[in-house]
Amino acid sequence: MMKKDSTLNVFAARLLTGVALGAVAASGAAAQADQIVVTATKRAQTLQEVPIAVSVVSDDTIKKAQIQDILDLQFSVPSLRVSQLQNSSQTNFIIRGFGNGANNPGIESSVGVFIDGVYRSRSAAAILDLPVLERVEVLRGPQSTLFGKNTSAGAISITTKEPEYELGGSVEASYGNFDQVLFSGTVTGPLSDTLAFRVSGSINKREGYYTNTVTGNDTNERDRWSTRAELLFQPSDVLSFRLIGDYNKIDEECCGAIQLFNGPATLAIGAPSPFGLGELIDPAGDTDYSVALNTTPSNELTGKGISLQGDWDLGGAQLTSITAYRKQSDNTQTDADFSAADIITNPQDRAYKTFTQELRLASTGDNMVDWLVGAFYFDENVDFTRDVISGTQTRAFIDGVLAGGGISGLESSLGLPAGTFLQAGNGYFGDYEMDNKSYSIYGQADVHLTDRLTLTGGVSWIKDKKDYTLNDVNNEPFYNVDLVEVGFGGAFANITMLPPTPANIAALSGSPLPLAALSPGIVINPATGAPFASTDVSTIGTVAGAIGATPCDASNPALLCNAALALSPLQFLPVPVNVPDPGNPLDDGKLNDDKVTYTARIAYDVTDSLNAYFSYSTGWKAGAVNLSSDSMPPDPTTGFGREAGPEDVELFELGFKAQFDRGYLNVAIFDQTIQGFQSNLFIGDGFVLANADEQSVRGFEVEGAYAPIDALSLTAGVTYLDPEYDSFEGAPCSSFEGFDIPECDAGASFFDASGFTPAGISPWSVSTSATYTHDFANAQGYLRAEYLYESNTQVVDNVPAGFASREVNVLNLSLGVEWDNGFEIMGWARNLTDDQYLLSAFPTVIQPGSYSGYLAPPRTYGVTVRKSF
């Protein structure tokens, strides 16, 4: 990892290269970009006139590209990355290199997902098979002024088709490899002159593409269905109501992680007895989608909700109200050690209840000032249980492999029966609850100073309150042993030659002790941090306490150190400190934040076909909490603990949008800074939640579309990102183990990561497509190719690049014929190149020196038949 010095002057030079790449690109339907309507500013504008960086994926593109859910959108939007991790519910959205919040109910997403104006707070609620769509808008950069607290990195806005007053619909069936079967359909029509309906549904089933070599079963399957019913009521020309109810179900075995490198602990799992556990292990560097798990990972998710949108044209202004209530349950069980040994299982149950209400008033018609004001209310309750349970081989693995018999020795020294520690069924049992209420008031005005010059100002006040409780029970005796206290007892006994009973300790701890009696040896005086001198006189209790806290090494021989401290890294689950904590008034389970965010923009129509804008905007995400068994009060040295402060985002952006006869070219140059980015990185035996002081990303985006002839449509998007930790003085060493850091190598627990480059962000991303159509008698044929490239990058900070780097080269193809009678047949292939790139990586759970990773899906292909009527 190297420090860098970048300026916008460098980007200006690099932009010339980006424009050259973008100029060869364009879009067929996109050649009519002036007709693509978006609501990125919560009012209808065309794609070319809206002065923000937004990408639109149309319904036609979604059909022809066989985009099956939101995970597939990233192949059409180069600044967007979507990944599915440990469970079907752990889907992470990243825009311009930043985003988080997928793996902990207490950490919200930095990318907001909205479906028909309703905010979906949890990623599992956003990955259902897409309903009947109108379009998908991807808004890049902070959107907090109009979209609220959890859009500090961007927003995804999905608009579905309304019910229609003419009977119609479609049915669709697909069959693909891995025995994939998809059915979907929709019917719409009138119930009266003022009332229309739409009913839609889908089924998606597929065998898994991972093979579990222990059971022979597949994992990473698809087994989900959804249904949706709508009513559109328009009693007059100025009033309409849209009522939507939906229900979706996921019941899948997911998700597999391959072994990137097998360290000594993992190899010992596969070694025969008495040297190991004699279990199957997945070979290091495996890329053939095989795993070795003794417990099948399971996911059961249910989501349901209802929303009502009302629009009332008041004459000169429109009043809109969107009310929604959603419930989601998410039950998973994971083989948490990712091995064939029965070491740890991790069942989790999550339940979310979410109520949202938005009310806004927006001007209509042609005005010198277009204005919009609104308010938003969010109320969510989270109930979460998470257990970490020992298996039948936990003791054999930890004592025999990691501790070398030290745990058995500890039992003996404490006078406990053999086998007391690490019994099957013991572990950590956690119950967590969080109530989150958020309010925001916002407004924005577009002042048209001339026919070509517009000034925009927007402001939002956001208030966020979280009340949470943590109730953890750790019933594993080994995890609850105070090893310092054990060392104190042993030292006391060695000094006094008496057993360390409470009575003896009370009677003798205050007695003076000449340190010369302990020579030779070195013991650290906890009062000074320096070694005791042999001429010092202290008390028996003080010296015994110092010995109990002193690890054994070459300078601290036996009797003057605590050998039991060597076992402390194996106490993976800490003694719980529940919340609220009566002993710490600051650990009261409350987060209370508020923020004012701004948007300022100047837009100028240089010509009738060229628009330019410059904008300044801020974004915000409220504070987060680690709802998990590794949630602890702040460490007095590092400050890292169960809470992280808010994220503050600042964006400067310069954009150009040019339109010509057969296409368009859009360019955005940006400098985005995030203060307090909420990093939540897995380090092998738990997560470290920490705010990075300040990090930034500078870069540019080029999107273009061109139709050289009527039959051929071309598109391309190019993104360049240059991220950096501008200031991260207290970076945890455990989160950067993938790098050679002298301070950490010398034993420090944290270091100054300022100037370092965050991992996981590809400098270059390129997305291109070409669609060729040909007219036949009563039909039209088409051929579409789509290609995504992401340049090489280290996947995560704490896994070395030699084990986990990613370069993406994915090609998607589709070939189809559409007849005038509404019948269509299409053949398709996704990831035709069978590119086995990594979505993410992590240190393998409680197996030091080993690394695991999540692979992207392999090549899939199939045939789709569709009939519209």
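Predicted model: local features only at pLDDT ≥ 70, side-chain atom pairs only at ≥ 80, totals over all residues.
**Entry 1: strand β8**

I began with β8, residues 133-140, and looked up how much of it is covered. I found 7 of its 8 residues buried, so β8 is largely enclosed by the rest of the structure. For that count I took buried to mean under 20% relative accessible area.

I then looked for its partners. Strand β3, residues 54-58, is joined to β8 by 5 bridges, and the two run antiparallel.

**Entry 2**

Next I traced an open sheet of 3 strands, and I read its order as β14-β13-β18, with mixed pairing. The edge strands are β14 (218-219) and β18 (290-291); each has a single partner strand, so one side of each has no neighbour in the sheet.

I checked one of the pairings. Strand β13, residues 210-212, runs parallel to β18 and is joined to it by 2 bridges. The bridge partner of Thr211 is Ser290 in β18.

**Entry 3: α8 against α10**

I turned to helix packing. Helix α8 (residues 483-496) packs on helix α10 (residues 540-548) at an angle of about 130 degrees, and their axes are 7 Å apart. I therefore logged α8 and α10 as oblique to each other. Their crossing is right-handed.

I listed the residues in contact. From α8 they are Val484, Gly487, Phe488, Ala491, Phe492, Ile495 and Thr496, and from α10 they are Ile540, Gly541, Val543, Ala544, Gly545, Ile547 and Gly548. Sorted by class, the contact of α8 with α10 has 9 nonpolar and 5 polar residues, and no charged ones. In this sorting I counted Gly as polar.

**Entry 4: α5 against α6**

I found Arg395, Ile398 and Asp399 of α5 meeting Gly406, Ile407, Ser408 and Glu411 of α6. By class, the contact of α5 with α6 has 2 nonpolar, 2 polar and 3 charged residues.

**Entry 5: cis peptide bonds**

I looked at peptide geometry, bearing in mind that most peptide bonds are trans. Cys254 and Cys255 are joined by a cis peptide bond, with omega about 20 degrees. I placed Cys255 in the loop between β16 (239-252) and β17 (258-261). Ser273 and Pro274 are also joined by a cis bond, with omega about 5 degrees. Pro274 is in the loop between α4 (264-270) and β18, and β18 is an edge strand of the sheet in Entry 2.

**Entry 6: positive phi**

Last I looked up positive phi values outside glycine. Asn778 has phi near 65 degrees. It sits in the loop between β37 (764-776) and β38 (779-794). I recorded Asn778 as exposed, with a relative accessible area of 56%.

Asp834 has phi near 50 degrees, again a positive value in a residue other than glycine. I found Asp834 in the loop between β40 (823-830) and β41 (838-843). Its relative accessibility is 25%, and I recorded Asp834 as partly exposed.

Notes: Residues numbered from 1 in each chain as written. Heavy atoms only, no water. Buried < 20%, exposed > 50% of the residue type's maximum accessible area, 1.4 Å probe, protein only. Helix = DSSP H or I, 4+ residues; strand = E, 2+ residues; numbered from the N terminus. Pairing = 2+ DSSP bridges. Axes fitted to C-alpha atoms, helices over the stretch in contact; angles between N-to-C directions. Parallel < 35°, antiparallel > 145°, perpendicular 65-115°, else oblique. Left-handed = near helix turned anticlockwise from the far one by under 90°. Contact = heavy atoms within 4.5 Å.
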